[in-house]
Amino acid sequence: MLPRIATVWCPDWPVVAACEAAGAAASDAAVAVLGANQVVACSPHARGLGVRRGMRKREAQSRCPELVVLPRDEAAEARCFEPAIRAVEAVVAGVEVVRPGLLSLAARGPARHLGGEPALVTTLQETVSWIASDVAVGIADGAFAAEQAARRAVVVPAGESAAFLADLPIATLDAFGDSALVDVLRRLGIWTLGGFAALPARDVAARFGPVGEWAHQQAGGRDDRAVVVREPPVDCSVTMELEPAVDRVDVVAFSARGAAETFIANLSARALACACVELEVTSEAGERAARRWRATGVLSAGDVIDRIRWQIEGWLHGGDGSPRLTAGITRLRIVPIETVPTGTHQQALWGGDGEAGERARRAIARVQTMLGAGGVMQPAVVGGRGPAQRTRLVPWGMCPPEKQGEEREPARRVDAPWPGHLPSPAPSVVLDPPAPIELLDAGGHAVVISDRGSVLRPPSRLRLRRESPVAVTSWAGPWPADERWWDPASAVRVARMQVVDASGRAYLIAGEMAAESEPQWVLEGIYD
Amino acid sequence: MLDLAAAKPVAAAALGARSPALPVLPALGGLLPGGLRRGSTISVTGSVSLLLALLAEASAEGAWCVLVDLPVGSATRVGAAQMGAERLGAEAARDFGIDLSRLPVVPTAGESWTNVVGALLDAFDIVAARAPARLADADLRRLVARARSRESVLLSFLSGGAGRWPMADLRLVAEPGEWSGIGDGHGRLARRRMRIRVDGRGQAARSREVTLWLPGSRGAVEPHEIARVVELSDVRRAVS
């Protein structure tokens with residue numbers, strides 16, 4: 001006996017999601033979503049003008065010049081579909097998400113509860129139409145037949161699925177247009193699912209293997225796969241409202257104690273422990289800020305409070321590169337980002353650097369409680385042109401910017417080519433921000449770099465601020481670096497030079513290229 | 001005279017010491033023939049690169065190192081304070097062979113310098129710290145004793161005239177080096193020949209001088225071609 005399955009289908013879901021992500025109106029424009037330069041989905045209007053799935057971009061645009069082309073965003077598809085899933089889950093229990101835009105559920109129980117299959121169809125349609133404007137519901141025996149029924153918005157009576165499928169074209173088997181099987185069957189003269197289903201199952205299995213066998217079952221309406229119910233995610237985050245708004249770190253940390261304990265208790269009630277936590281605050285002025293923290297092993301309530309204290313100190317007083325909040329904090333949210341089952345010992349999970357590592361990390365945590373989060377930094381080499389860009393220090397335990405949630409920055413890859421970056425040796429001391437320095441020629445004027453990157457008068461003396469000038473014995477460069485030329489607001493053209501002074505110290509200095517007045521030189525690094 | 005220095009390793013072995021010493025780069029073998037002895041205090045003067053090179057091999061082999069109040073480059077050393085925040089050049093550290101994932105940096109320990117260094121000595125294999133200008137003798141003795149009892153190495157970085165560390169077992173002083181590869185408007189910094197003077201107490205009492213390429217080509221450390229360990233006492237004897 002085949003399971004009776006209801007399927008909810010939102011047509012052209014990639015288009016709906018891409019439009020929503022791009023902030024465009026999908027209703028009556030000609031829109032196509034492209035993946036790998038091929039049309040993945042298109043809006044009804046575009047389809048009316050001759051755009052088809054699988055077309056190349058140029059071909060689609062030649063048929064429909066006003067076509068709006070959007071890139072495919074599968075994450076957005078899943079994200080936008082989530083409200084629809086939740087809405088259906090509010091009506092019936094046990095929903096399987098086949099893919100974003102398509103979900104199925106066992107129909108027998110809900111149909112009996114709601115008073116018949118037509119009532120179930122109406123209910124589902126009404127529920128989902130709040131989220132997606134275009135929705136179709138179908139009911140049939142077996143998942144495959146139910147999907148086809150949904151595409152045609154019909155209810156196939158029980159036991160008639162095989163007859164319903166028989167007249168459908170063979171291409172129905174191939175939802176994504178990349179199956180070789182369909183192609184072979186067409187060349188064998190089989191044009192309908194009924195024709196394929198009529199072939200003896202044993203011969204199909206012998207000729208086409210497991211894939212053919214599976215397709216044969218589907219075509220014959222014998223798809224007895226049960227609905228795989230998704231488990232609704234549990235929200236373990238804890239929100240704390242502060243009324244009135246608080247702008248003192250100790251007060252927030254004190255009030256947060258209860259929230260942090262609830263947070264850990266909630267997780268441990270589900271046999272989970274938290275390894276990475278996100279702290280999110282909203283200020284009275286409506287600003288939102290979020291940061292992620294990772295711990296060695298798992299976080300206890302005390303660890304969470306420590307991180308709340310460090311982070312809020314950064315947000316209220318600035319200092320560790322976080323954006324500063326201008327008003328008091330009204331809401332604090334603690335979100336678990338990564339959880340592990342309780343009892344799995346973390347030491348083994350993190351590559352097991354053993355007892356010494358554990359001890360070192362504990363000492364770091366102790367120093368952090370003494371000095372604050374910024375008291376212990378983790379250095380890393382990242383991509384960049386200048387030495388200051390290539391060294392990154394983040395507070396120990398805080399996730400680096402490219403691993404933050406919503407405010408993430410693109411990762412600066414070290415191995416990418418960075419034109420203008422000097423080869424090793426790298427300066428052992430880096431100045432960030434760079435310190436002003438004077439590089440003087442024999443006449444006592446600042447050394448000028450021409451527009452073409454050459455030194456007009458060679459440097460002869462170097463002068464740190466408030467010091468007496470020292471003679472330059474040798475120098476090299478200049479090496480021009482044309483940074484961020486694509487963005488006029490942050491574009492800089494600098495030239496870097498290495499100079500060695502009379503006492504044998506070597507410096508890396510940078511100056512503006514082709515400056516109108518005397519260029520300002522800065523000290524970027526010391527080869528100490 | 002009773003040879004205390006010779007008796008020491010036996011005692012350490014009898015007490016079941018963790019491991020005799022932390023390894024140093026092969027190029028530094030002339031400088032520290034036995035590696036960094038656990039529990040010792042070593043003062044380094046004159047070069048951040050030298051300090052990083054000392055950490056490199058141990059760090060690559062899995063030791064945990066930490067930098068406190070470092071680095072302070074020669075720009076600050078000549079007196080122009082508040083010039084801008086000086087940071088570790090992570091790339092230089094990596095090129096020496098340091099594993100950055102095991103190198104936390106404490107940029108400014110401030111008032112709690114003694115407590116921070118003390119806490120870190122409990123857990124880390126090597127603690128490299130810039131000695132503050134003023135440090136009470138009692139604190140200094142306590143830290144040296146802590147390093148000895150926890151079997152970690154305390155590297156104190158002395159920036160020029162400021163700071164002192166009278167109780168160091170070993171003193172390394174880097175002299176201003178000579179850069180090669182750079183000319184008058186051509187070439188680039190390639191490597192630096194650096195003379196390092198070593199003296200100390202006890203076993204290491206004889207002062208020596210070692211010449212190294214620091215940094216050598218590609219940022220690593222290389223022995224100087226005519227790498228020679230000159231025993232200064234021998235030189236003096238030869239002269240007189």
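Guide: Helix H5 of chain B has a list of buried residues made up of Trp113(B), Thr114(B), Val116(B), Val117(B), Gly118(B), Ala119(B), Leu120(B), Leu121(B), Asp122(B) and Ala123(B). That is 10 of the 11 residues in H5(B), so the helix is mostly covered, where buried means under 20% relative accessible area (over 50% is exposed, in between partly exposed; 1.4 Å probe, protein chains only). Helices (H or I, at least four residues) and strands (E, at least two) are DSSP runs, numbered from the N terminus. The model is predicted: local features need pLDDT of at least 70 and side-chain atom pairs pLDDT 80 or more, whereas totals for chains, interfaces and linings use all residues, and side-chain values use heavy atoms without hydrogens or water. Residues are numbered from 1 along each chain as written, with chains lettered from A and ligands numbered from 1 in written order.

The helix packed against H5(B) is helix H6 (residues 137–150) of chain B, at an angle of about 10° and with the axes 9 Å apart; axes are lines fitted to C-alpha atoms, for helices over the stretch in contact, and angles run from 0 to 180 degrees between N-to-C directions. That angle makes H5(B) roughly parallel to H6(B) (under 35 degrees; over 145 is roughly antiparallel, 65 to 115 roughly perpendicular, the rest oblique). On the H5(B) side the contact (heavy atoms within 4.5 Å) is made by Trp113(B), Thr114(B), Val117(B), Gly118(B), Ala119(B), Leu121(B) and Asp122(B). H6(B) contributes Asp139(B), Leu143(B), Arg146(B), Ala147(B) and Arg150(B). Trp113(B), Thr114(B), Val117(B), Gly118(B), Ala119(B), Leu121(B) and Asp122(B) are also on the list of buried residues.

Over all chains, the whole structure holds 4 aromatic pairs, counted for rings of Phe, Tyr and Trp (its six-membered ring) with centres within 6.5 Å; planes under 30 degrees apart are stacked, over 60 edge-to-face, the rest tilted. One of them pairs Tyr527(A) with Trp179(B): the ring centres are 5.8 Å apart and the planes stand at 75°, so the pair is edge-to-face. Tyr527(A) belongs to strand S19 (residues 521–527) of chain A and Trp179(B) to strand S10 (residues 178–182) of chain B, so this pair joins two chains. Both partners are buried, Tyr527(A) at 4% relative accessibility and Trp179(B) with a relative accessible area of 12%. Phe124(B) is in the loop between H5(B) (113–123) and strand S7 (126–130) of chain B, while Trp64(B) is in the loop between helix H2 (48–60) and strand S4 (65–68) of chain B. The pair therefore ties together parts that are 60 residues apart in sequence. Trp64(B) is buried, with a relative accessible area of 1%, and Phe124(B) is buried at 2% relative accessibility. Ring pairs also bring in Trp396(A), which forms a cluster with Trp64(B) and Phe124(B).

Chain A, which supplies Trp396(A) to that cluster, has 16 helices and 19 strands. Of its 528 residues, 47% are buried. Among contacts in chain A with a separation of 6 or more, 55% come from residues 24 or more positions apart.

A helix pair in chain A can be set beside the one in chain B. Helix H1 (residues 13–22) of chain A packs with helix H4 (residues 74–91) of chain A at an angle of about 95°, with axes 9 Å apart. That makes H1(A) roughly perpendicular to H4(A), whereas H5(B) is roughly parallel to H6(B). From H1(A), Trp13(A), Pro14(A), Ala17(A), Glu20(A) and Ala21(A) meet Ala76(A), Glu77(A), Cys80(A) and Phe81(A) in H4(A).

A buried loop residue of chain A ends the tour. Ala107(A) lies in the loop between strand S6 (102–106) and helix H5 (108–114) of chain A. Ala107(A) is buried, with a relative accessible area of 0%. Leaving aside residues up to four places away in sequence, Ala107(A) touches Arg4(A), Ile5(A), Ala6(A), Leu120(A) and Ile139(A). The C-alpha atoms of Ala107(A) and Glu117(A), which are 10 residues apart along the chain, are separated by 7.7 Å.
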